[in-house]
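Try each task before you read its solution.

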Amino acid sequence: LMCMGGVWSQEKDGGGPEEPDEAALVRTAIRSVKEAVDVDLSAVTTWHTFLEIHYHRPAEIYKGKWFPDQEERTTFFIPQCDPVMPTQ
C-alpha cells in the first residue's frame, strides 16, 4: 500500500488563511497525484476521508532557527474512481 499526496498550498489549492477546508485538501490531493504520477483525478466527485491524524509539534530550536508550537494535520482520502475508469 502506498499513499500519494503533498503539502497544501493556499496559493494553489485555496482554503482559509490559517488552514484548508476539506475542498482545498481534495484539490491538494488532485494536484499532488497529477504532479507525481500524471493521473488526473479531477473528475472524481466523491472523496472518502479514511483517516485524519492531528499532531502537535512543540516549539524548538533546530539548526539555530526558532520554530514555534505547531498543530499539524494529515488527511488520507480514498477517491471513488468510477468516473475516471475506462468503460472498456
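**Exercise 1: Neighbours of one valine**

Task: Find which residues valine 44 touches, leaving out those up to four places away in sequence.

Solution: Keep in mind that this is a predicted model. Start at valine 44 and pick out heavy atoms within 4.5 Å. Once residues up to four places away are skipped, valine 44 touches Pro79, Gln80, Cys81, Pro83 and Val84.

**Exercise 2: The core**

Task: Work out which residues make up the largest nonpolar core.

Solution: Val44 turns up again here, as one of nine residues in this core. Next, check where they come from: helix H2 (residues 22–37) gives the largest share, five residues. As a rule, nonpolar side chains in soluble globular proteins tend to be buried together.

**Exercise 3: The pocket**

Task: Describe the largest pocket and its lining.

Solution: First, the space: about 1,000 Å³. Then the lining: 33 residues, with Gly6, Thr74, Thr75, Phe76 and Phe77 nearest the centre. H2, strand S1 (47–57) and strand S4 (70–79) each give two or more residues, and S4 has the largest share with nine. Sort the lining by class and you get 22 nonpolar, six polar and five charged residues.

**Exercise 4: The whole chain**

Task: Compare the chain's radius of gyration with that of a compact globule of 88 residues.

Solution: Begin with the layout, two helices and four strands, in the order α-α-β-β-β-β. A compact globule would come out near 12 Å, but this chain has 16 Å. Its C-alpha trace spans about 55 × 30 × 20 Å along the principal axes. Finally, 19% of the 88 residues count as buried.

Technical notes
Residues numbered from 1 in each chain as written. Predicted model: local features only at pLDDT ≥ 70, side-chain atom pairs only at ≥ 80, totals over all residues. Heavy atoms only, no water. Core = buried A, V, L, I, M, F, W, Y, C linked by side-chain atoms within 4.5 Å. Buried < 20%, exposed > 50% of the residue type's maximum accessible area, 1.4 Å probe, protein only. 1 Å grid on protein atoms, 1.4 Å probe; cavity = no way out; pocket = protein on both sides within 12 Å on 5 of 7 lines; lining within 4 Å. Points joined across faces, edges and corners; volume = space filled by probe spheres on them. Nonpolar A, V, L, I, M, F, W, Y, C, P; charged D, E, K, R; others polar. Rg over C-alpha atoms; globule rule 2.2 N^0.38 Å.
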